[in-house]
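Welcome! Here are some exercises with worked solutions, to be read with the sequence and the 3D view side by side. Try each task before you read on.

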Amino acid sequence: MVTIAEPGTKAASRFRYILDRRETLGAIFVAPAILYVLLLVGGPFLLAVYYSISAYTIYDPSWRFVGLVNFAQVIQNPVFLKTLGNTFLFTFGSQLLGLILGKFGAFLLMRPFAGRKIVRALIILPWAVPIALAAVAWEWMFDSLYSVINWSMIALGIIDRSDAPNWLGNPHLAMLCVIIVNAWRFFPFAIVIFLAGITSIPQDIIDAATVDGAGFWRRNYQIVLPLILPIVAVGLIFGIVFTFTDLSIVYLLTNGGPINATSVLAFQGFQVGIVSGDVSHGAAISLFMLPVLLVVVIIVLRFIRRREV
Amino acid sequence: MSAARPSSITRRRFLRDTSLALAAASASPVLSAPFASRAMADTKTLTIVQWSHFVPAYDKWFDKFARDWGEKNHIEVSVDHIPVQDVAARAAAEASAGSGHDLFGWNGAGGAHLYRKFLIDVTSLVESVEKKYGKVSVIGRQIGYNQDDHTWSAFPDYYINFPAMYRKSLWDEIGMKPETWDDVRIGGAKLKQKGHPVGISLGHSNDPNTTWRGVLWSYGGAVQDEAGKHVVLDSKESVEAVKFAAALYKEAMTSDVLSWSDASNNQYIDSGVSSLIINPISAYRTAQQLNKKVADDIFVMEPPKGPVRRLMGGASEFYGIWKFGKNQDAAIEFLKYYADNWIEAFKASSGYNNPIFANIVPKPMPLLSDDPTSTPRDKLAALQTSDQWSAVPGYPGPATPATDEVYNDFIICDMMAKAATGAMTAEQSVKWAAQQCEAILTKWQHKA
């Protein structure tokens with residue numbers, strides 16, 4: 001389709017000429033996204049960095065520079081070190097469980113069965129349901145008095161009432177619970193990632209392997225998994241970043257208890273920085289996530305590039 | 001296809017039209033601003049934010065009360081109720097933005113001191129109310145009074161007390177009454193054998209934060225001194241309190257308490273399981289609605305006495321007026337009117353909100369001295385003197401940002417829980433907690 005240019009002044013035609021240049025127009029279109037990232041991600045990030053090296057509190061909102069004192073004080077606190085360990089356990093535990101569930105879920109959903117479309121829609125629910133609502137349901141399931149899990153196990157004669165697990169009261173079980181809830185929240189995303197990866201594998205590769213005598217497990221581990229690894233790795237980056245920076249499940253389910261057994265960095269940063277008003281220490285706690293996330297992202301991206309080469 | 005169509009969308013045309021539309025959209029507020037701001041200036045407004053009360057009827061009463069006052073004074077009043085967990089974050093957001101509600105209702109003891117630089121001085125307001133309705137209680141002073149320059153940063157509204165609630169028939173069976181903490185341990189152990197343990201949470205929430213502070217104070221321990229300058233937690237008295245907590249947990253409670261939220265102990269006694277809890281009267285009020293038989297058997301008394309004193313933690317509420325608030329005068333006038341009608345607020349909260357000013361609710365207090373829904377009708381009478389056995393975090397000193405951080409980090413609950421679960425000895429646990437408190441107090445003193 002051709003349009004007839006309207007006659008105009010010299011300046012206007014120069015302006016049109018600039019707009020006709022591919023690189024200029026491209027820059028104009030990308031500019032809002034870059035501006036968005038700079039203003040809403042870059043700006044707060046730099047602010048957080050400055051908070052962490054200042055004496056800024058709500059009580060005294062001064063920008064007095066204190067160097068790395070806040071970080072030194074944070075590291076000396078044994079509760080922080082426990083929290084740091086908890087964060088790793090929570091993140092990698094829930095990602096591992098989520099990936100396993102996602103893989104099995106994807107395989108199940110690839111098989112034809114009656115009502116598959118409904119199941120596919122329902123499986124997205126944990127992802128779509130607001131976490132505040134889901135946490136209330138999980139809290140009831142793990143409740144020390146009314147746990148439906150315990151009730152079922154007692155009714156089935158698997159355990160005695162006196163042996164019923166104290167899900168959120170035992171430090172180890174409490175961590176397991178928050179991991180399970182996060183994995184439950186993450187696994188629909190993992191299913192989508194696995195489904196996208198598996199369906200992109202040409203069927204003839206699978207058929208050739210089957211003809212050559214490869215069984216389910218060999219096809220799975222030597223053909224399917226290596227081929228979908230790059231896309232799974234990208235999903236994993238998302239999962240790790242979101243989990244490492246998440247405080248909602250811990251905040252809603254355990255408040256970091258019992259005895260800080262489930263306290264994670266984002267939760268502690270929120271408690272210290274926002275609830276208690278010590279913004280500088282809160283920022284310092286939160287910034288401990290940055291090097292970890294940076295290393296994880298670099299490792300995974302390098303791994304993906306190597307596989308692509 | 002080579003024929004030109006004037007109506008077709010070209011890249012240039014798209015850009016031109018979009019730019020024009022965006023420019024028009026951005027310019028419209030600028031063009032309309034003079035008219036809009038003039039219109040807004042003609043209508044006076046007062047915006048209030050506070051927590052969603054545990055007693056929903058109170059919120060209804062308050063909204064109507066504020067609206068009626070607004071109508072009388074030609075001021076448009078809007079009240080926002082937010083979940084209690086969101087209060088701290090909302091306050092931080094409003095202070096950082098330098099804009100928000102005119103009147104901010106806090107929930108948590110140290111807030112008035114934390115936000116001191118953002119709040120207007122309400123000394124004359126507090127003093128005028130004090131002149132009319134009697135002396136401000138210890139809790140009131142802890143919350144809003146600044147010892148250094150003798151000013152008030154906030155208007156202390158009320159506190160929520162934490163009495164003991166026990167199942168009378170069960171305690172009668174063993175021939176005891178939980179008068180002292182030792183009675184609770186000894187009697188609780190007997191009742192646990194009968195399937196009715198004591199229910200005091202050792203988890204991370206408000207109830208254990210207040211209750212275990214009460215135990216600590218009753219045994220003579222405290223986090224800080226009277227001036228709020230030094231940590232005094234590492235003491236013989238604190239160790240005794242922690243030893244008691246560990247014994248109470250082992251002998252009279254179950255491990256369930258480690259996971260509890262603020263609702264759990266209410267459910268525990270309302271379901272007929274527990275023999276004693278320490279909680280605001282909401283637990284009893286809920287039982288009245290859910291289980292009348294159990295409610296009639298729940299008796300409310302002062303918290304148990306320790307070897308040194310009878311004292312329990314309370315939760316405090318207060319109002320601050322932002323310096324950046326646009327209607328400070330209206331906020332002050334509203335608070336004066338509110339204080340003059342405080343007795344109605346007390347009734348609307350079913351006796352849940354307890355007075356800060358000595359005579360603002362004259363004794364015998366309505367409802368508490370004679371509650372027609374209770375059997376016997378004077379069941380809640382002990383609550384009338386709760387100002388004598390209640391304090392907020394920071395006792396015997398003021399509530400400060402530092403004592404609030406100790407509270408928000410659940411250090412006192414964890415100190416008790418570590419010893420109770422055997423993770424540490426009582427001595428080690430107290431030392432650990434004292435170090436945590438020391439670091440926090442030193443940090444805040446340095447920052448202040």
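**Exercise 1. A threonine and its surroundings**

In which helix of chain A is the place of Thr87(A)? Find it, then describe what surrounds this residue.

Before the solution, a word on conventions. This is a predicted model, in which local features need pLDDT of at least 70, side-chain atom pairs count only at pLDDT 80 or more, and totals for chains, interfaces and linings use all residues. Residues are numbered from 1 along each chain as its sequence is written, chains are lettered from A and ligands numbered from 1 in the order in which they are written, and side-chain values use heavy atoms, with hydrogens and water left out.

*Solution.* 

Step 1. Thr87(A) sits in helix H4 of chain A. Helices here are DSSP runs of H or I with at least four residues, strands are runs of E with at least two, and both are numbered from the N terminus.

Step 2. Check the accessibility. Thr87(A) has a relative accessible area of 1%, so it is buried. The classes are: buried under 20% relative accessible area, exposed over 50%, partly exposed in between, with a 1.4 Å probe and protein chains only.

Step 3. Look for polar atoms around the side chain. A polar atom of the Thr87(A) side chain lies 2.6 Å from the backbone oxygen of Thr83(A). A polar atom of that side chain also lies 3.0 Å from the backbone nitrogen of Leu265(A).

Step 4. List the contacts (heavy atoms within 4.5 Å). Leaving aside neighbours within four places in sequence, Thr87(A) touches Phe244(A), Val264(A) and Leu265(A).

**Exercise 2. Where two chains meet**

How many residues does the contact take from chain A and from chain B? Work out what the interface is made of.

*Solution.* 

Step 1. Count the residues: 48 come from chain A and 48 from chain B.

Step 2. Turn to area. The size of an interface is often given as the accessible area lost when the parts come together. Chain A and chain B bury about 4,100 Å² between them, with 58% of it on carbon and sulfur atoms. Buried area is the accessible area (1.4 Å probe) that two parts lose on being put together, summed over both. In chain A, the residues that lose the most area to chain B are Ile58(A), Tyr59(A) and Ile259(A), together 19% of what that side buries.

Step 3. Look for charged pairs. There are two salt bridges between chain A and chain B, a salt bridge being a side-chain nitrogen of Lys or Arg within 4 Å of a carboxyl oxygen of Asp or Glu. One of them pairs Lys117(B) with Asp60(A), whose closest N and O atoms are 3.3 Å apart.

Step 4. Ask which helices take part. Among the helices of chain A that each supply at least two residues to the side touching chain B are H1 (10-20), H2 (22-52) and H13 (265-275). The largest share of that side, five residues, comes from H13(A).

**Exercise 3. An enclosed helix**

Why is H13(A) described as largely enclosed by the rest of the structure?

*Solution.* 

Step 1. Count the buried residues: 10 of the 11 residues of H13(A) are buried, so the helix is largely enclosed.

Step 2. Name some of them. The buried residues include Leu265(A), Phe267(A), Phe270(A) and Val275(A).

Step 3. See what comes after. H13(A) is followed by Gly277(A), whose phi is positive, near 85°.

**Exercise 4. Salt bridges inside the chains**

How many salt bridges are there over all chains?

*Solution.* 

Step 1. The count over all chains is 24 salt bridges.

Step 2. Take Arg185(A) and Asp246(A), whose side chains meet at 3.5 Å, N to O. Arg185(A) is in helix H9 (residues 171-199) of chain A, while Asp246(A), 61 residues apart from it, is in the loop between helix H11 (216-244) and helix H12 (248-253). Arg185(A) counts as partly exposed at 24% relative accessibility, whereas Asp246(A) counts as buried at 13%.

Step 3. Move to chain B. Asp340(B) and Lys132(B) form a salt bridge at 3.0 Å, N to O. This pair joins helix H14 (residues 328-340) to helix H5 (residues 123-133) of chain B, and its residues are 208 apart. Asp340(B) is partly exposed at 35%, and Lys132(B) is exposed at 55%.

Terms used: A polar contact is a pair of N or O atoms within 3.5 Å; within protein, one must be able to donate a hydrogen and the other to accept it, and residues adjacent in sequence count only if both atoms are side-chain atoms.
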